[in-house]
Amino acid sequence: MFKHSGLRIFLIIWVGQVVSMLGSGMTSFALTIWAYEQTGQATTLALLGFFSYISMTAVGLFSGVWVDRWDRRKVMIFGDLLGGLVTVTLFTLHSLDALHIWHLYAGQLVIGVSYAFQGPAYFASMSLLIPREHLSRANGLRTLGSDMSQILAPIFAAVLLHAIHLRGVMLLDLSTLIFAVGTLLFVRIPKPPVSDSTPAGSSRWEVFTFGMRYIVQRRGLLYMMFVYMMINFYAGLTWFGVLSAMVLSRSGGNEGALSAVQSALGIGGVLGGIVLTIWGGPKRQVHGMLGIAGVSFLLGDGVLGLGRTPTAWIAGALLGSLSVPYIISSNRTIWQSKIPAEMQGRVIGTALTLHSATTPIGYLIAGPLADYLLEPAMQPGGALTSVFGPLVGTGPGAGMGVMFLLTALAGATTCLSGYLFPALRNVERNLPDAVVHTDVSPDLAAAVAAGD
């Protein structure tokens, strides 16, 4: 597989990004524990994700234009450095004993901006480096790397917090950032063909809205984007918004239990990613988006909602995350194979932005819904205990268990209903492949060692 020079370059970039994600994941876990210790509220943790996604969504409306115009490697370096600046700032504030919750929110805003550039650049670069027949495997490898860091980051962070404390964890994060930027300095990503899709004279609004107009004109892509937006909304509401708070609440603040559950999320993803990388995924990628995703909601969210012990939460995390590589890879592969390379920054950038637009809504609803409605209603004698008590129990964390049950049903219904729409069900057949690959030039292969 990696005899192709572009694939080798992708692998170098992938290694650097995986190492960086490990460092960022350790810092994220450590700051999650620190934030929960300050307030003890699910809303606090949910808002951390909200601020990251809201800025990523806002900036993502425009970043795709620049991704198509600029050197995509330099855009990725910019994203890494911007995230590193946040870590340096939080490290300094903590060292001065001046770190407050609002600083974390501000930091998340900046991190969201960094990903609004880095995400589309990384995404759009893949189709320039990787032959069409290997895109699904490469996407599986990318999610595998993310899940590997998710396994190791909470384990390492839980141990290191006691040994070198929060500041030490952040210093390690900065060292992984340096490694990631170093890998990007020694490779070169080819430029896409010049596009005439937005000719000179186009208004700035026309340029910025090109991606949305392109998607709306292709009904299958539009419906697929809507389903993915809803998947992310449900994930923001529970997996991202309240999972950590639920585990800490139901386990009496047990950091080890939270670390085990988060590592289980990564283990499930790694197992799924390994199978996907070897197998290559289903011939019709839409089945990953609809069928596998629908089953995942029932098994993952359902078990997490019903579970009352770390063992049950670990099982739910494994079952839910096992299918995530298939869902992500199927979605990415369809977009990458149907959108011309010279348009991918704008079109895929728009899709990524709208995909993530519903996640902050989920985050924003999750905290108050848990803290002020469902948690009080699921305390002994609460208004909903007679309905949900036999299923999830009562007491701290039970209201958040109800939230997982509701997303299990809603998510499965949304995904499986996608089969009712022919434009979505047949999106791969209706739209021709737009990505035509030739082998990467010898100059590009030599650039691995020589840089620019």
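I am working with a predicted model, in which local features need pLDDT of at least 70 and side-chain atom pairs count only at pLDDT 80 or more, while totals for chains, interfaces and linings use all residues. Residues are numbered from 1 along each chain as its sequence is written, and side-chain values use heavy atoms, with hydrogens and water left out.

I looked up the secondary structure and found 20 helices and zero strands, these being DSSP runs (H or I of at least four residues for helices, E of at least two for strands) numbered from the N terminus.

For overall dimensions, I noted a radius of gyration of 22 Å, which agrees with the value near 22 Å for a compact globule of 452 residues; the radius is taken over C-alpha atoms, and the globule rule is 2.2 Å times the number of residues to the power 0.38. The C-alpha atoms fill a box of roughly 65 × 55 × 45 Å along the principal axes.

I then checked burial, and 59% of the 452 residues are buried (under 20% relative accessible area, 1.4 Å probe, protein chains only).

Turning to helix 6 (residues 165–185), I recorded 21 residues and a reach of 31 Å from first C-alpha to last, close to the 30 Å expected at 1.5 Å a residue, where the expected span is 1.5 Å times one less than the number of residues. Its buried residues include Leu166, Asp173, Leu177 and Leu184, and what covers the buried residues of helix 6 includes helix 1 (5–39), helix 3 (72–95) and helix 5 (135–163).

Conventions. Buried < 20%, exposed > 50% of the residue type's maximum accessible area, 1.4 Å probe, protein only. Contact = heavy atoms within 4.5 Å.
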